[in-house]
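Open the model in your viewer and keep the selection panel at hand. The tour goes stop by stop.

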Amino acid sequence: MTAVKTAIGLMSGTSMDGIDIALVETDGEAIVRRGPSHGLSYDSGFRARLKAALVMAGAIRHRAERPGDLARIERDLTLLHAVAVHDFLHAHGLKSSDIDVIGFHGQTVLHRPDAGLTVQIHDGALLAAETGINVIHDMRAADMVAGGQGAPLIPVYHQALAANLPGDLEGPVVFVNIGGISNLTFVGDDGHLSAFDSGPGNMLIDQWIEAHGGGAFDAGGAVAAAGAVVPDVAARYLNHTFFSGNLRRSLDRGDFAPPAKGEVSLEDGARTLAYVTGAAILRCATHLPARPKTYIVSGGGRLNPVIMREFSVLAAENGARVVSSDAVGLDGGAMEAEAWAYLAVRSLRGLPLTFPGTTGVREPMSGGILNPKP
Ligand SMILES: Nc1ncnc2c1ncn2[C@@H]1O[C@H](COP(=O)(O)OP(=O)(O)OP(=O)(O)O)[C@@H](O)[C@H]1O
Ligand SMILES: CC(=O)N[C@H]1[C@@H]2OC[C@@H](O2)[C@@H](O)[C@@H]1O[C@H](C)C(=O)O
């Protein structure tokens, strides 16, 4: 049997709210154990720098370019990840030498799959030096070179999780991550994967709430709960070419924008965007090989009851049930970080990270760059 490795995954997602960190023991195929997880929130100052980074990254034409202040932000982001690793090791009584590898996602600052360009800011060599642990980074790039869209990468981890789901879930089962952007994974009975991004998740709601001075997100869906869906506005989002055109498999933060301020009330806007999140997933699910019966939801969107209610009602109309990942024994907050740990071990073994059915890559493709510990 191939050696089981102890891996840490680090994810800074499109919501730019902080770093998720999780430990997984795996041989890159079976998940032997899902270990503890932990989060480090960015303060408002660093979030503002990350938002500025998105604007600076708009000028990038070649992925190694770091215009403006991007190189400094990349370094500081990496150092914050090192702090997150040290805190995590300390909290769980672990040493650097207990960890075989870190899977480091970094922060996506630009994603233009049509132009073959995806940019994550992160310095793998610096993180290896700061932590004394081998680091795999840049796991999206090889996929794009081979004709894929560079995202989503989590589906192969969903496939591994699917092997151990409770037996009473009615299939077909689909995994849905509702982060800044949402994405879904269908695992066929033969293990075949169909996966793609499925529209805006929380990002428009976050931007809408923030634009009204209401904080970083709609906590508990309280604002949305006080509003009503505005059909014209919802239709405008759902008529976006992403849903009607040839299926583009992955999205960038910049592909959608919140409504103009004043177009609808704060509450109606939040409610409409929560509805759009659910409706978009259902619309994309029509591209799957079979009609899903159960949707397992992970990501921060599972904590917004209005998103969950809108999604559940629409799913029920299509004969499906929506459950939170936590209800089936999976950690919906740590799943992406767990995936990056799992992917790092697959990368070490040269196993595929992506498949024609996930990113559209021509052939199953491995990826990632190894930065050995000093
Ligand atoms: N208690 C809550 N109530 C409502 N919404 C919440 C709550 N907690 C988190 N969220 C939403 O979840 C978002 C974070 O989700 P998550 O961490 O899954 O995103 P991400 O990993 O950054 O994104 P992606 O998966 O696109 O990379 C927050 O920005 C917020 O919109
Ligand atoms: C380019 C990029 O960072 N994409 C993210 C984003 O956030 C959610 C969705 O869009 C997904 O495609 C992807 O992240 C997850 C973790 C993935 O690659 O599976």
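Domain bounds here come from an automatic or database domain assignment. With those bounds, domain 1 (5-149 + 365-371) and domain 2 (167-328) both give residues to the shell around ligand 1, so ligand 1 lies between them.

Before going on, two notes. This is a predicted model, in which local features need pLDDT of at least 70, side-chain atom pairs count only at pLDDT 80 or more, and totals for chains, interfaces and linings use all residues. Residues are numbered from 1 along each chain as its sequence is written, chains are lettered from A and ligands numbered from 1 in the order in which they are written, and side-chain values use heavy atoms, with hydrogens and water left out.

**Stop 1: ligand 1**

Select ligand 1 and its surroundings (a residue is near if one of its heavy atoms lies within 4 Å). The shell holds 21 residues. Thr 14, Asp 206, Gly 220, Gly 300 and Glu 336 are the closest. By class, the shell has 5 nonpolar, 12 polar and 4 charged residues. Ala, Val, Leu, Ile, Met, Phe, Trp, Tyr, Cys and Pro count as nonpolar; Asp, Glu, Lys and Arg count as charged; the others, Gly among them, count as polar.

Now show polar contacts (pairs of N or O atoms within 3.5 Å; within protein, one must be able to donate a hydrogen and the other to accept it, and residues adjacent in sequence count only if both atoms are side-chain atoms). The side chain of Glu 336 places an N or O atom 2.6 Å from an oxygen atom of ligand 1. A polar backbone atom of Gly 180 is 2.9 Å from an oxygen atom of the ligand. At Leu 303, a polar backbone atom is 3.2 Å from a ligand nitrogen atom. The protein covers 85% of the 650 Å² of accessible area that ligand 1 has on its own. Accessible areas come from the Shrake-Rupley method with a 1.4 Å probe; for residues, only the protein chains shown count as cover.

**Stop 2: ligand 2**

Move to ligand 2. Which residues are closest to ligand 2? They are Thr 108, Arg 140, Leu 153, Ile 154 and Asp 197, out of 15 that surround ligand 2. Thr 108 has a side-chain N or O atom 2.6 Å from an oxygen atom of ligand 2. For Arg 140, a polar side-chain atom lies 2.8 Å from a ligand oxygen atom. For Asp 197, the corresponding distance is 2.6 Å. The protein covers 97% of the 430 Å² of accessible area that ligand 2 has on its own.

Colour by secondary structure. Helices (H or I, at least four residues) and strands (E, at least two) are DSSP runs, numbered from the N terminus. Strand 4 (101-112), strand 8 (181-187) and helix 12 (335-349) each supply at least two residues of the ligand 2 shell. Strand 4 gives the largest share, 3 residues. The shell divides into 7 nonpolar, 5 polar and 3 charged residues. Domain 1 and domain 2 each contribute at least three residues to it.

**Stop 3: helix 2**

Select residues 70-91. Helix 2 has 22 residues and reaches 31 Å from its first C-alpha to its last. That is close to the 32 Å expected at 1.5 Å a residue, where the expected span is 1.5 Å times one less than the number of residues. Its buried residues include Leu 70, Ile 73, Leu 77, Val 85 and Phe 88. Buried means under 20% relative accessible area, exposed over 50%, and partly exposed in between (1.4 Å probe, protein chains only). Just after the helix, Gly 93 takes a positive phi of about 60°.

**Stop 4: backbone details**

Go to Pro 152, in the loop between helix 4 (141-145) and helix 5 (155-162). The peptide bond from Ala 151 to Pro 152 is cis, with omega near -5°. Next, Pro 172 sits in the loop between helix 5 and strand 7 (173-178). A cis peptide bond joins Gly 171 and Pro 172, with omega about -5°.

Then select Met 16, in the loop between strand 1 (5-12) and strand 2. Met 16 is not a glycine, yet has a positive phi of about 55°. Met 16 is buried, with a relative accessible area of 3%.

**Stop 5: Ser 198**

Finish in strand 9 (residues 193-200), where Ser 198 is found. Ser 198 counts as buried, at 0% relative accessibility. A polar atom of the Ser 198 side chain lies 3.5 Å from the backbone nitrogen of Asn 183.
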